[in-house]
Amino acid sequence: MSSSTGSNSPSSERESDYRSSGISSGTGSPDSRQALANDAGRLANNTPPCQRCQVQNLNNTIVGSHGVDPALQAELESIKAEMNKANATICALQEREKKMKARMALQAQKMVERGVGPSKFESISSEQRSDLIQNYGGLYTQSRVETLDYLDKLEELRGADELKSKLLFSVIVLAFRSLQATSTQMKDHIKRILQIPPGSMHQPVNNNNAVYLPPPPPPPPSALAAPSNTKRQITPPAKPAKPAKPLRKERNAGYEVEQAVAHYLRESVATFDLTKNTEDVCNQIWATLYDYPCLRSCDPLVKYIKDSVRLAWSLVNQSPPYVLDYEARSFNADYHIRFHTSDPNDNSIKTYLWPALVEGHNGPCLQKAVVIT
């Protein structure tokens, strides 16, 4: 059926007409050849173009008929110019920041060399300070709880909850006392060896803020007029006096030695030998609780003592040194936290479960104490 349909198509009929007229063989009249050319043109026009040609024709039609909106093109160019300007400004600011940091570092170094400004031995950073405070809190929330669980397994201490709480509280207090004494004795020993006189290890006074009076002004010219027959002499104006240079900061060798020793102790807390202090704390515990010899063989308790001694050594060597606060007997929300068994309506402190950590004497509270009211 398809072959019969194709044979009856207009193109097949025109092809048979072309053959009958002799055009395919190059013969026939010129009118016949012209008719063939016209039919070929109409056939080409009726053939659908490919998809790429359609898209290209559509683009050519849009660009050719409408073009680009001039206002949109101008706005685009303006945005590009502003972006380029902003990028140039950012690059300039970054370069300026680098130069400023370099100048500030150089200026700070010069001030330190002259003995002016911050100390050569700065204290720890805020991140290290936060880690120390977090470790002190973790000693209570984690190490203390784990050690308490091991003590609960000891037959001799079963049911003695108050004794176990006081034991673990005493460990951190004794560790601080031992290491504060060690730090003080060590610094005093260095002063005796170097023959540093007492009272010389204080921060020198900065004289850069002293007030300097300017030199007195030159005397006014004489009020007597010069004689008329004498040529008047013109006195040149006096040069302004140079301002006096500020005095340098006083150097104090004893203070610098103290700062250097403190800096070394802060940097060596992880490797400093604290065996003697650990034994000191253990011996005090064994001597006080001599009725419980099982404590000597409790490895978790010994580990808790070692961790407390190491952390206390880090805290007492800060500037200012950190101290424990457990003397107050009245509840203060700025320094204390109630244990869950406390009476919320009673402000009288019955016992301390954990001491507060304070930055220096009468300083801010860094870690609140846990108390029972």
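Here is a short walk through this predicted model, point by point.

1. **The overall picture.** Let us begin with the whole chain. The protein has 373 residues, and 27% of them count as buried. Its secondary structure consists of 10 helices and 6 strands. Among contacts with a separation of 6 or more, 72% are between residues 24 or more positions apart.

2. In general, nonpolar side chains in soluble globular proteins tend to be buried together. Here the largest nonpolar core has 56 residues, and the members that touch the most others are Leu295 and Leu301. Helix H7, which covers residues 161-193, supplies the largest share of this core, with 10 residues.

3. **Leu295 up close.** Which residues is Leu295 in contact with, leaving aside its neighbours within four places in sequence? The list is Leu151, Leu154, Leu157, Leu167, Trp286, Leu289 and Leu301.

4. **H7 and H6.** Helix H6 spans residues 126-152, and its axis comes within 11 Å of that of H7, with a crossing angle of roughly 140 degrees. The two helices are therefore oblique to each other. H6 passes H7 in a right-handed crossing.

5. **H7 and H9.** Now follow H7 to another partner, helix H9 (residues 275-288). The axes of H7 and H9 come within 9 Å and cross at roughly 135 degrees, so this pair is oblique. The crossing of H7 past H9 is right-handed. From H7, the residues in contact are Leu167, Val171, Leu174, Ala175, Ser178, Leu179 and Thr182; from H9, they are Asn277, Asp280, Val281, Gln284 and Ile285.

6. **H7 and H8.** The next partner is helix H8, made of residues 253-267, whose axis comes within 11 Å of that of H7 and crosses at roughly 140 degrees. That angle makes H7 oblique to H8. H7 passes H8 in a right-handed crossing. Met186, Lys187 and Ile190 are the H7 residues here, and they meet Val257, Val261 and Leu265 of H8.

7. Is Lys166 buried or partly exposed? Its relative accessibility is 44%, so Lys166 counts as partly exposed. The C-alpha atom of Lys166 is separated by 7.2 Å from that of Leu353, although the two residues are 187 apart along the chain.

8. **Cysteines.** How many disulfides does the structure hold? The number is 0. Cys298 is in no disulfide, and the nearest cysteine sulfur, belonging to Cys294, is 7.6 Å away. With a relative accessible area of 6%, Cys298 is buried. Cys91, by contrast, is partly exposed, with a relative accessible area of 48%.

9. **A cis peptide bond.** Please take a moment for the backbone at Ser319 and Pro320, which are joined by a cis peptide bond with omega of about -5 degrees. Pro320 sits in the loop between helix H10 (299-316) and strand S1 (322-325).

10. **Positive phi values.** Gln195 is not a glycine, yet its phi is positive, at about 55 degrees. This residue lies in the loop between H7 and H8, and its relative accessibility of 68% means Gln195 counts as exposed. Asn362 likewise has a positive phi, near 60 degrees, in a residue other than glycine. Asn362 is placed in the loop between strand S4 (356-359) and strand S5 (365-367). At 82% relative accessibility, Asn362 counts as exposed.

How values were computed. Residues are numbered from 1 along each chain as its sequence is written. This is a predicted model: local features need pLDDT of at least 70, side-chain atom pairs count only at pLDDT 80 or more; totals for chains, interfaces and linings use all residues. Side-chain values use heavy atoms; hydrogens and water are left out. A nonpolar core is a set of buried Ala, Val, Leu, Ile, Met, Phe, Trp, Tyr and Cys residues joined through side-chain atoms within 4.5 Å. Buried means under 20% relative accessible area, exposed over 50%, partly exposed in between (1.4 Å probe, protein chains only). Helices (H or I, at least four residues) and strands (E, at least two) are DSSP runs, numbered from the N terminus. Contact means heavy atoms within 4.5 Å. A disulfide is a pair of cysteine sulfur atoms within 2.5 Å. Axes are lines fitted to C-alpha atoms, for helices over the stretch in contact, and angles run from 0 to 180 degrees between N-to-C directions. Angles under 35 degrees count as roughly parallel, over 145 as roughly antiparallel, 65 to 115 as roughly perpendicular and the rest as oblique. A crossing is left-handed if the near helix is turned anticlockwise from the far one by less than a right angle, and right-handed if clockwise.
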